[in-house]
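I opened this model with my notebook beside me. Here is what I looked up, entry by entry.

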Amino acid sequence: MGMAGPDIKIQKLGDQILRIIVTRIVNGELAPGDSAPSEFEICGEFGVSKTVAREMMGTLVNKRLVLVRQGRKPEVRPAAEWDVFDPLILELQQDERVVAQIVSQMQDVRTILEPEIAARAAADITDEQLAQVRAAYERMLALAGSPDRFLADVEFHVALAAATDNRILTHIMESMRDLMRVSVRQRAGLDTRVFESGGRDVHKEILEALEARDPDAARDAMRAHMLLAKRARADRSTR
């Protein structure tokens, strides 16, 4: 019990240092090809132990921000190699052009996948899975007008993917959950009106298609949702 306090303090310090280094990389202070701080330099600059510095370096490597090779200084990797799903990288990214590109690419992936996810779910959804999708939809209604509505919206789509019983599809949507939360709502500044598609409740249409176990209707409703959301984003970008 007595060790919990110091451990927590070390962990919080490590998180703070990580944010500083990641910020330097994603915002160009340390450019691709530049030398990244070594474990020794992290110890010297931030006054942490070798163990903390080693863990920090391991995290930077896992995020694909830094390349470590035997006998050479750590090196900042090209931006194209960074982990695009990493929430911290997206949160700290200040170049709106980069964020806009990520959002656009994410929307393309969703437009390709989600109509078929909806159709597959409608064909095989269980009562328990349907209840989870319905609960997410009801949270969206309860949070109308609140920024938190977006979080319920994301959970609606993740629950829909889970209803396919396809682990790969579910993993893809769960990975995009963090990307959507950070890059779309927080960084790109989209508000809940993006998902209020001209007064048309496309989420209700999707839910009703699931309840009817109608794959074609589910596919069409999701395709309409993706199209309307894309138009809303385009309209907002021209304001």
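**Confidence.** I began with pLDDT, the predictor's confidence in each residue, from 0 to 100. The chain averages a pLDDT of 84, and 84% of the residues score at least 70.

**Ground rules.** This is a predicted model, in which local features need pLDDT of at least 70 and side-chain atom pairs count only at pLDDT 80 or more, while totals for chains, interfaces and linings use all residues. I number residues from 1 along each chain as its sequence is written, and side-chain values use heavy atoms, with hydrogens and water left out.

**Overall layout.** I noted 10 helices and two strands in the chain; these are DSSP runs numbered from the N terminus, helices being H or I of at least four residues and strands E of at least two. Read from the N terminus, the order is α-α-α-β-β-α-α-α-α-α-α-α. Of the 239 residues, 41% count as buried, taking buried as under 20% relative accessible area, exposed as over 50% and partly exposed as in between (1.4 Å probe, protein chains only). Among contacts between residues at least 6 apart in sequence, 70% join residues at least 24 apart.

**Helix α6.** I then turned to α6, which has 16 residues and reaches 22 Å from its first C-alpha to its last, close to the 22 Å expected at 1.5 Å a residue. That expected span is 1.5 Å times one less than the number of residues. Which residues of α6 are buried? I listed Gln-129, Leu-130, Val-133, Ala-136, Tyr-137 and Met-140. Seen down the axis of α6, these buried residues fall within an arc of 125°, so they line one face of the helix; the arc is that of the directions from the helix axis to the C-beta atoms. An α-helix has 3.6 residues a turn, so residues three or four places apart point the same way. The buried residues of α6 pack against α5 (96–124), α7 and α9. On the face turned away from the buried side, I found the exposed residues Asp-127, Glu-128 and Ala-142.

**Gln-129.** This residue sits in α6 (residues 127–142) and is buried at a relative accessible area of 12%. A polar atom of its side chain lies 3.0 Å from the backbone nitrogen of Thr-126. Leaving aside neighbours within four places in sequence, I found Gln-129 in contact with Asp-124, Ala-162, Ala-163 and Asp-165.

**Two loop residues with positive phi.** Asp-165 is in the loop between α7 (149–162) and α8 (167–187). Its phi is near 60°, a positive value in a residue other than glycine, and at 56% relative accessibility Asp-165 counts as exposed. Arg-213 is in the loop between α9 (202–211) and α10 (215–237). The phi of Arg-213 is near 55°, again positive in a residue other than glycine, and at 32% relative accessibility Arg-213 counts as partly exposed.

**Ser-104.** My last stop was Ser-104, in helix α5. Is Ser-104 buried, exposed or partly exposed? At 39% relative accessibility, Ser-104 counts as partly exposed. Its C-alpha is separated by 9.0 Å from that of Lys-230, 126 residues away along the chain.

Note on methods. Contact means heavy atoms within 4.5 Å. A polar contact is a pair of N or O atoms within 3.5 Å; within protein, one must be able to donate a hydrogen and the other to accept it, and residues adjacent in sequence count only if both atoms are side-chain atoms.
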